[in-house]
Structures are given as structure tokens and as C-alpha cells.
Amino acid sequence: MSESSQKKQLEAYVNQIFAQEDDVLQRVMREAAANDIPPIGIHPFEGRLLQFLAQMIGAKKILEIGTLAGYSGIWLARALPDGGKLITIEFDDKHANIAQQNFDHANLTDKVKIKRGAALDILPTLEAPFDLIFIDADKPNYLQYLEWGIKLVRQGGIVIAHNALTSDDRPRVLGSDEAGDKEVVAYNQAIANDERVNSMIISAGEGFAVAMKV
Ligand code: SAH
Ligand code: MG
């Protein structure tokens, strides 16, 4: 068996026992495809991992940068207790409209607020602190999102960046030089060195760079 087909089978195994999609999550995927939204959202086991991390730290207030169709947002919002809140930032109106429909359909209307606009314009307007911040938007701005993340997260809270290792199967950190790659490399190095955070990469899926504010 090739290494990549074994990896796919192991991922399917984990999906099956920990991350089965219900009708709501399956509908998000269908709606996204039907509306020509690119298939760049996280995978089921990645959603479950985010949800699990949120539950581990008892997150009540979560921020996401990069909503797309709301798939990762639903996994995260489902980790919230009653009265919890997910704020998710999206600058593409089509994505935000479909995501709003998906959050409504998931009965998460009260828990989720989509903020429409460019992340760097929205971030200065937000009310800290957040327990968990998930960064999954334009890679060239990742270092700026890290600064905002450290500013807006509570002590003991976590800033998680997606695509810390790959986008799809394309490595971002092994000397490649497509848009955003050098910023992802710089991001990982920054959280490794920065004394404001205690960090590690979880090399599941496309890679999660997790930084806990000390
Ligand atoms: N987290 C989603 C996937 C996000 S894809 C999931 O896993 O389901 C990245 C999203 O970020 C896209 O919808 C894109 O429109 C949005 N985006 C990219 N750059 C942005 C920016 N500067 N400000 C706000 N949104 C941005
Ligand atoms: Mg991603």
C-alpha cells in the first residue's frame, strides 16, 4: 500500500469512529458544491479535532478568521455551552450568505455571528478576550493574524492556525514558494520562538499550529 493511500484509509477510519457527519454537515458540503464554493474547507476529523480542543479548554467565546460555507464554524459552535458565542470573519458575500443559511439550518443562529469584511479591518473592532481563535484565511496575512490572535486571546487560551503544513497534499513548508508559503513557514517559526506562547504543531490533516498564551 502506498504511503498516501494508507494515510487516506487511516483518516477514513478516524472519521468513521470520531467524526461522522450528520445531515446538517452533509448539507453544508452539498450547498457549497452547488454554489461553486471552492472545496477548501477542513475535513471531518479536523473539525472534530477543533471541537475537541475547544471542549478541552472549556471555550465559551471563539473567533474564526475565514468562514467559507460555515463547515468548520459548525464544528466549533457545537463545542459551545449555552450562551457561548462564535464570531466568524468573512469578506466574500456569497460565502457569508451561504454560511448564514447553513448556521440557521444547524440551529446555531443565536450562537454564531458572521462579521463581513476584511479580517484586518474587523479584528481591531472585536471585544476581547476569546478562549480560542482559529485562523484559516489568506496565508500572506498569517503573521498579522498571529499578532491579533495573541492580543485577543485570554491567558491559557489557544490560537490555532490551519494549513501549518500543507494545503491539500501540497507541502507549504518544505522549500516551496507559492503564495503564502513563506508566511506559513514564518508563522510556525514565530510561535516556536515567541515567549508569549507555548506552542506545538499537531500534524493531523493539513497541520494545526497551536499556540497557547502563557
Ligand atoms: N474555515 C473554513 C475554510 C475557510 S477558506 C472551513 O474549514 O470550513 C478561507 C475563507 O477565508 C474564504 O471563504 C475566503 O473568502 C476568506 N478570506 C480570505 N481572505 C480573507 C480576508 N482577508 N478577510 C476575510 N475573509 C477572508
Ligand atoms: Mg484551511
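Colleague: Let's start with Val173: is that residue buried, partly exposed or exposed?

Modeller: Val173 counts as partly exposed, with a relative accessibility of 28%, where buried means under 20% relative accessible area, exposed means over 50% and partly exposed is in between, using a 1.4 Å probe and protein chains only. Please keep in mind that this is a predicted model, in which local features need pLDDT of at least 70 and side-chain atom pairs count only at pLDDT 80 or more, while totals for chains, interfaces and linings use all residues. Residues are numbered from 1 along each chain as its sequence is written, chains are lettered from A and ligands numbered from 1 in the order in which they are written, and side-chain values use heavy atoms, with hydrogens and water left out.

Colleague: Where does Val173 sit, and which residues does it touch?

Modeller: Val173 lies in the loop between β7 (170-171) and α8 (181-193), where helices are DSSP runs of H or I with at least four residues and strands are runs of E with at least two, numbered from the N terminus. Not counting residues up to four places away in sequence, Val173 touches Ala164, Leu165, Val184, Val185 and Asn188, and contact here means heavy atoms within 4.5 Å.

Colleague: And how far is Val173 from Ala211 in space?

Modeller: The C-alpha atoms of Val173 and Ala211 are 18 Å apart, and the two residues are 38 residues apart in sequence.

Colleague: OK, new topic: what holds the magnesium ion (ligand 2)?

Modeller: Its protein donors are Asp136 (OD), His162 (ND1) and Asn163 (OD1), which lie 2.1 to 2.2 Å from the ion. Donors are N, O and S atoms within 2.8 Å of the metal (3.2 Å for Na, K and Ca), and water is not among the atoms, so sites may look incomplete.

Colleague: How are those donor residues spaced in sequence?

Modeller: The spacing is D-x25-H-N. Asp136 lies in the loop between β4 (130-135) and α7 (142-152), whereas Asn163 lies in the loop between β5 (153-162) and β6, so this pair ties together parts that are 27 residues apart in sequence. Both Asp136 and Asn163 are buried.

Colleague: How many salt bridges are there?

Modeller: The structure holds 12 salt bridges, each being a side-chain nitrogen of Lys or Arg within 4 Å of a carboxyl oxygen of Asp or Glu. One of them joins Arg78 and Asp22, with the closest N and O atoms 2.8 Å apart. Arg78 lies in the loop between α4 (71-77) and β2 (85-90), and Asp22 in the loop between α1 (3-18) and α2 (23-34), so the pair ties together parts that are 56 residues apart in sequence.

Colleague: What about Arg196, which partner does it have?

Modeller: Arg196 forms a salt bridge with Asp194, and their closest N and O atoms are 2.7 Å apart. Arg196 is partly exposed, with a relative accessible area of 35%, whereas Asp194, at 19% relative accessibility, counts as buried. Elsewhere, salt bridges that share partners join Arg170, Arg172, Glu178 and Asp181 into one network.

Colleague: Now the helices: how do α2 and α5 pack?

Modeller: Helices α2 and α5 (residues 93-105) pack at an angle of about 165 degrees, with their axes 10 Å apart. The axes are lines fitted to C-alpha atoms, for helices over the stretch in contact, and the angles run from 0 to 180 degrees between N-to-C directions. The two helices are therefore roughly antiparallel to each other, given that angles under 35 degrees count as roughly parallel, over 145 as roughly antiparallel, 65 to 115 as roughly perpendicular and the rest as oblique.

Colleague: Which residues meet there?

Modeller: Val24, Arg27, Val28 and Glu31 in α2 meet Ile98, Gln101, Asn102 and His105 in α5.
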